[in-house]
Amino acid sequence: MKVRSFGARVALLSTAALSVFATPALAQAAAEDDSTLGEIVVTANKREENLQKTPLAISAIPAAQLELRGLSEAKDLSAIAPNVSIVSATTNATAVVVSIRGIPSAADETQGYDSPIGMYLDGVFLARSSAASFEVADIERVEVLRGPQGTLFGRNTTGGAINFITKKPSHDASLKLRAGVGNFNAWNMRAVANTGDLGPVQISLGYNHRERHGIVDNLLQPSDALDPGAQKLDSFRVAANWDVTDNFSIYNVFDWTKIKMVPNASQLAEVGNGVLRPNVTLDGNSFAPVQPANIGGFLAQSSVSVPAGCSKAVTRAYQSSLCLGDYGPSVDKIWGNLLRMELSLPTITVRSSTSYRKWDNKIAMNTLDGLANVTAPLFSTSTLFNGMPSSLISFVLPASQAAFAPFIAATPVPSTTGVLFQADNNRGQHQFSQELEFVSSGEGPFQWVFGAYYFSEKGHELNHQKIGFVLDTNTAVFTPSSFGALAPMFQAANPARYRVVPTLADLAYTSWGNSFALYGQASYRPGGEDGRLGVTLGLRHTWDSKGVDRTQNGATPYSAAEYALNRGKATFAAPTGHLTLDYRASDEINLYARVAKGYRSGGFNLRQSTSLANNIGLRPFNEEKLWSYEIGAKTEFLNRIRLNVSLYHNVYSDQLAAIPIPITGGGSFGTQVVNAGKTVYNGVEVEGMFKLNDMLSIDGNFGYSDIKIKEFPGADITGVTRNIAALYRAGSYSPKYSANIAANLTIPVSDMTKVLGRVGYNYTSEFQMFPNQLTAPFSDTTKGDARGLLDAQLKIQGLGMEGVSLTVWGKNLTNKHYVVRSVDFGQLGMSTVIFGDPRTFGATLDLTF
């Protein structure tokens with residue numbers, strides 16, 4: 001680990017010395033100045049409501065807690081709420097895999113898939129997690145909605161939704177400045193200015209810069225600023241609110257972000273060893289597993305070398321320094337604009353939201369096999385016998401060419417210097433959305449919301465891949481079927497058993513999609529706001545259409561006939577909604593039961609193989625459906641204890657599953673994604689907060705998710721598709737347990753000064769990333785590690801003068817090493833792992849005028 005900043009070391013020591021003040025705050029509320037629980041306001045139902053009176057599994061993290069803990073983006077929120085897990089991407093800074101209640105967003109970032117987790121910014125749906133970056137925004141709160149949100153949050157929210165809600169410009173003029181430093185030469189600066197009232201207009205402007213050096217030392221890269229994990233971000237935001245009249249306002253916000261990041265280090269963790277993986281028997285049927293290439297034997301071969309000072313070692317143990325080949329940065333550029341107009345009438349509020357967002361991403365050629373460039377024997381049929389004994393060579397040469405045997409024997413096997421796996425990418429997406437909402441006003445017994453929603457997006461990708469396939473020539477070439485009795489002699493004399501077959505492959509496509517929906521939700525509470533019983537019914541109907549033009553998926557661009565098979569268009573539609581009953585047993589206890597249906601749009605598997613010979617083209621898969629059954633209780637006692645509990649049973653059907661397709665005459669298989677999976681999820685969630693007094697509070701959460709895969713297709717050795725659910729490990733990117741516990745302390749020092757302290761611990765159990773045991777030979781190695789992380793913050797507010805505060809912070813204080821992402825390369829014969837951030841710490845100074 002690199003620690004170059006003396007100030008950062010001081011910050012860590014200060015944090016450790018004062019850590020007695022605090023544990024992580026669990027997703028609900030920051031410590032207050034008094035001894036009672038504060039009210040938390042949420043807008044999950046398109047209107048402001050008390051969290052405890054909202055019959056929905058929702059966690060709300062307010063601004064004070066977000067700021068203290070340094071949470072500003074989706075990738076920061078793992079374990080912030082029960083049964084919520086988030087892991088970062090493999091190659092760019094902004095993408096994440098989000099899992100809620102055991103349902104993960106797609107790890108494959110191609111644009112043929114929609115995410116089952118909805119990501120929102122001020123209620124605007126962000127179709128691609130890679131396009132979700134908004135650090136410059138002044139966040140008011142984050143709402144995490146668990147379970148299907150098929151009515152008000154609409155399409156593709158079978159697992160849940162995360163909504164970042166930003167602060168509007170203030171009526172009071174202000175200036176907030178922030179500067180911070182940390183280890184790994186990290187530093188940041190931020191400014192947010194509010195003009196206050198300029199007549200009926202208020203404007204806020206923000207700018208943010210953040211950077212740090214890499215967290216793993218690439219021994220082949222002299223610049224620490226280009227080591228894996230290095231980041232540099234610049235963003236700005238301008239928001240304006242115009243109160244045109246007393247009941248009509250116009251709000252517009254524009255944001256722009258550029259992030260340059262060197263991907264976190266891929267470390268070679270396990271390789272094939274040449275041992276045959278036997279067929280797997282299930283219910284009397286045999287299934288053939290993938291046979292990985294013998295990369296272990298290849299690396300041990302004396303003719304395979306890496307640069308001086310570098311190692312060919314294979315280990316899953318954390319390495320703070322590695323030799324990595326080409327390892328360039330990923331650059332994301334994101335910008336967007338939201339125009340919101342709102343008319344407030346005595347009985348109804350009419351709201352129009354118009355948004356446009358654009359994302360461009362360029363990823364430099366990166367070596368993702370965890371090695372430096374490898375020099376190794378090159379495979380070609382013309383040099384197959386180079387270096388063999390001339391006596392053997394003469395047996396296979398025609399009599400007229402026998403004289404060449406000594407020359408061939410004296411010629412070495414040619415070599416190549418390259419990689420086992422390398423990729424770059426050039427991709428982008430832009431989207432437009434328009435939503436019109438009609439929301440009832442007042443506090444009568446009947447409340448309702450109606451709306452119409454339109455969404456359109458277009459995207460593209462050009463993904464180049466360089467693959468060094470390792471061929472065992474003793475088992476693939478010099479076989480008894482080809483050389484008869486000479487085969488053992490050729491095998492024994494082979495000067496280079498393992499040789500590299502360089503292969504190039506591209507994935508290139510453009511895609512588009514449109515969506516339209518009508519929705520409505522109505523709540524009735526006899527007796528008005530104070531009535532005990534409430535009934536809420538929500539309905540939505542969504543119509544989706546999608547298309548794709550794929551021009552290449554392999555080594556060469558498609559011919560005209562092949563291109564015709566790789567153009568696709570499909571439409572999907574589904575009704576969704578929910579019925580919720582809630583009963584306020586007392587002022588302190590709110591009980592609810594909810595039945596909901598979720599829907600995830602169909603699409604295209606853009607990595608699917610196609611066959612001109614078999615006339616197998618690019619086929620769409622259909623929509624997925626989920627039925628959710630949930631009961632819950634939200635309680636508060638003595639205005640000091642808050643305890644919320646929910647239990648759920650989800651049935652996910654028509655899930656996506658990849659099955660093989662025989663290619664006539666080729667002796668190989670393509671893959672087709674079909675709707676043939678079924679999974680049952682059962683879980684429990686607990687969130688709580690205990691305010692001991694006006695100085696000390698404890699909060700936490702716990703989530704448990706039990707996942708049972710009921711149906712998953714796979715072909716046996718005869719080509720018959722059968723149910724292989726028993727061979728498919730549950731919990732892809734979804735830990736079974738998650739927990740978070742924290743202590744928060746507020747100590748008044750004077751009328752102007754107080755000290756805020758927090759120490760938190762969050763735990764996530766291990767989880768699978770490649771759960772199909774037939775296609776993933778390294779599924780045990782590629783699991784995400786169980787980990788418990790200790791964080792702490794200490795803030796002195798009112799340091800010397802009003803409006804000045806100093807925060808020292810530390811994350812992963814015990815320097816836990818844990819795998820958060822991985823790749824199982826299957827037949828290529830290797831797997832790599834990516835570790836989470838090591839210990840980080842620093843100090844931040846805030847000035848408010």
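Guide: Start with burial. Buried means under 20% relative accessible area, exposed means over 50%, and partly exposed lies in between, with a 1.4 Å probe and protein chains only. This is a predicted model, where local features need pLDDT of at least 70, side-chain atom pairs count only at pLDDT 80 or more, and totals for chains, interfaces and linings use all residues. Residues are numbered from 1 along each chain as its sequence is written, and side-chain values use heavy atoms, with hydrogens and water left out.

Visitor: Why is Phe-621 called buried?

Guide: Its relative accessible area is 3%. The limit is under 20%, so Phe-621 counts as buried. Tyr-113 has 13% and is therefore buried too.

Visitor: Why is the pair of Phe-385 and Phe-483 called edge-to-face?

Guide: The ring centres are 6.1 Å apart and the planes stand at 75°, so this pair is edge-to-face. Phe-385 sits in the loop between β23 (374-377) and α4 (390-396), Phe-483 in helix α7 (residues 480-483), so parts 98 residues apart are tied together. Phe-483, at 17% relative accessibility, counts as buried.

Visitor: How do you know that a charge sits over the ring of Tyr-251?

Guide: The rule asks for NZ of Lys or CZ of Arg within 6 Å of the ring centre and within 35 degrees of the ring normal. The charged end of Lys-168 sits over that ring, 5.1 Å from its centre. Lys-46 does this over the ring of Phe-153, at 5.5 Å from the centre.

Visitor: What makes Cys-310 and Cys-323 a disulfide?

Guide: A disulfide is a pair of cysteine sulfur atoms within 2.5 Å. In Cys-310 and Cys-323 they are 2.1 Å apart. By this rule the count is one disulfide.

Visitor: Why is the disulfide called left-handed?

Guide: The torsion about the S-S bond of Cys-310 and Cys-323 is about -80°, so the disulfide is left-handed. Cys-310 lies in the loop between α3 (295-300) and β20 (321-322), and Cys-323 in the loop between β20 and β21, 13 residues apart. Both Cys-310 and Cys-323 are buried.

Visitor: Why is Asn-185 called partly exposed?

Guide: Asn-185 has 29% relative accessibility, so it counts as partly exposed. Asn-185 is in the loop between β11 (174-182) and β12 (186-198). It has a positive phi of about 55°, although it is not a glycine.

Visitor: And what makes Tyr-733 buried?

Guide: Its relative accessibility is 7%, so Tyr-733 counts as buried. Tyr-733 has a positive phi of about 60° and is not a glycine.

How values were computed:
Helices (H or I, at least four residues) and strands (E, at least two) are DSSP runs, numbered from the N terminus. Rings of Phe, Tyr and Trp (its six-membered ring) pair if their centres lie within 6.5 Å; planes under 30 degrees apart count as stacked, over 60 as edge-to-face and the rest as tilted.
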